[in-house]
Amino acid sequence: MIDDNFLEMLPKSIKITKNASMSNYNSFKVGGSCPLLIECYDQIDLLFVLKLFVKNKIKNIVIGEGTNLLVSDNGIDCVVVKFCVPKKDRIKIVENCITVPAQLLLDDFVIQVIENNLGDLTFLSGIPGTVGGAIAGNAGAFGQQIGDLLIDTEVIDRNGNIQKIIQKNLNFTYRSSYFKNNSDIILNASFKLNNFDKNKMIKKRDEILNLRFNKHPNWKKEPCAGSIFRNIEPSSAAEKRQAAGWFLEQAGVKDFKEGKAFVYNKHANIIIANTGSTASDVYKLSERMKKAVLKKFNIELIREIQLLGSF
Ligand SMILES: Cc1cc2nc3c(=O)[nH]c(=O)nc-3n(C[C@H](O)[C@H](O)[C@H](O)COP(=O)(O)OP(=O)(O)OC[C@H]3O[C@@H](n4cnc5c(N)ncnc54)[C@H](O)[C@@H]3O)c2cc1C
C-alpha cells in the first residue's frame, strides 16, 4: 500500500510526484494520471525502490522516456517508475566491448560510440528514448535493429534478482524482444563493436539526422510517438518488409482527423496529438487508419506503440 510510511522510506535523491499526470511523461503528451510517479536517475536508487516494491507488494511499471507509449485517459492504476537520465552518463569500454546503462538516452549513447571511434550504431541516430526502451522494443531503422549488435543485458527481475541474459536468449525479432512478455528491467547492456572511422560516422550520422528531420516531426513541438504501426512482415524469405506508411497513404488516411489528433502530412504512419487531444482521439484515429488498410488491402496492421491502461 502506498502511504506516508512508504513514501518516507524512499531515497531523497529520487523525485516523487503523487497523482502525476502521465501527459507529462510521454511524447504524445496525453493520458490520465497514476497514483505515484517515481523518477530514478541511477541504478542504486532503482534497485532500492524495486526491492521496496517487492517487500510491500506494490504493483508498478518501469518506463523510459515515454516515446513509444499511448497512455489511457483513465490513467494507470499502479506506480510508474521513470528510469531515464537526462544527462550524459558514462559508458564503459574494454577493448571493443561497450557497456551502457539502460537509463541513458539512446542518441547520447550513439554520440559517445562515435566519439570513441567505435561503431557502427549510427543507424540509431536521432531515435528518441532510452537505451532500455530501445532494447525492449528492438528499436531500429534502415533495416538494422539494436538487438543485432548486443552481446548481453544485465536485468533485475521482479523478485530483486540480478542476472545477465545473453543475446540469443533475448528473442529479438522485428520491434520485439524477451522484454515484451516479461517484466524484467534492463539495467545495463553490452555491445561488441568494431573500430570505425569517426569522421565517416559523423558524416553518416549527419545524413541520417537530415533524413529524419525531413521525414519525422519534431516530437518536442509536435507530440507523437513515431510510427503507430509496425511495417509488414514479408510472406517469404525472398521478400522485404513493406512500409506500413505506404499502405496507409494508399488507403487515403492522410486527411484523417479525430478531435485534435491528425495524421502527419509527411508520413501516414505518424499521428500528431495536437494541443487539446486526448488519448482516446489518438486511439480512435489509429483504429480508423487500421480499418482503412484492412478494407483496401485486406492487411491487418499491428500496433508498434504500446497501450498503457484501458482503451
Ligand atoms: C519522432 C519519433 C521517431 C521515432 N523513430 C523511431 C525509429 O526510427 N525506430 C524505432 O524503433 N522507434 C522509433 N520511435 C519510437 C521510440 O523512440 C522507441 O521505441 C524508443 O526506443 C522507446 O524508448 P523509451 O525510453 O521512450 O521507452 P518507453 O516509451 O518509455 O517504453 C517503451 C517500452 O519499453 C519498456 N522499457 C523502458 N525502459 C526499460 C528498461 N530499462 N527495462 C525494461 N523495459 C523498459 C517500457 O516498459 C515499455 O514497455 C520514434 C519515436 C518518436 C517520437
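Hi everyone, and thanks for coming. Please keep in mind throughout that we are looking at a predicted model.

Let's start with the domains. The chain splits into domain 1, residues 4–83, and domain 2, residues 92–214. Their C-alpha centres are 23 Å apart, and the contact between them draws on 15 residues from domain 1 and 16 residues from domain 2. How much area do the two domains bury between them? The figure is about 1,200 Å², with 61% of it on carbon and sulfur atoms.

Now for the sheets. One of them is an open sheet of 5 strands, and its order is S6-S7-S13-S11-S12, with antiparallel pairing. Which strands stand at the edges? They are S6, residues 92–94, and S12, residues 162–166; each has a single partner strand, so one side of each has no neighbour in the sheet. Going from one strand to the next, the twist averages 20 degrees.

S6 is joined to S7, residues 97–101, by 3 bridges, and the two run antiparallel. Within that pair, Ile93 sits opposite Ile98 in S7. The loop between S6 and S7 holds Glu95, and this residue is worth a click: Glu95 has a positive phi of about 50 degrees although it is not a glycine.

Over at the other end, S11 and S12 make an antiparallel pair with 5 bridges. Here Glu154 faces Lys164, which belongs to S12. These two strands form a hairpin with 5 residues between them, and in that hairpin Gly160 has a positive phi near 90 degrees.

What lies across this sheet? Helix H2, residues 43–56, lies across S7, S11, S12 and S13, and it runs at about 140 degrees to S13.

There is another helix packing to show you. As a reminder, two packed helices are described by the angle between their axes and by how far apart those axes are. For H3, residues 106–115, and H5, residues 198–215, the angle is about 150 degrees and the axes are 9 Å apart. Angles over 145 degrees count as roughly antiparallel, so that is the label for H3 and H5. From H3 come Asp107, Val110, Ile111, Ile114 and Glu115, and they meet Lys198, Met201, Ile202 and Arg205 of H5. Sorted by class, this contact has 5 nonpolar and 4 charged residues, and no polar ones.

One backbone detail comes next. The peptide bond from Gly119 to Asp120 is cis, with omega near 10 degrees. You will find Asp120 in the loop between strand S8, residues 118–119, and helix H4, residues 131–136.

S16, residues 261–263, pairs with S17 over 3 bridges in the antiparallel sense, and Phe262 is found opposite Ile272 of S17.

Terms used: Residues numbered from 1 in each chain as written. Predicted model: local features only at pLDDT ≥ 70, side-chain atom pairs only at ≥ 80, totals over all residues. Heavy atoms only, no water. Pairing = 2+ DSSP bridges. Helix = DSSP H or I, 4+ residues; strand = E, 2+ residues; numbered from the N terminus. Axes fitted to C-alpha atoms, helices over the stretch in contact; angles between N-to-C directions. Contact = heavy atoms within 4.5 Å. Parallel < 35°, antiparallel > 145°, perpendicular 65-115°, else oblique. Nonpolar A, V, L, I, M, F, W, Y, C, P; charged D, E, K, R; others polar. Domains from an automatic or database assignment. Buried area = accessible area lost by both parts, 1.4 Å probe.
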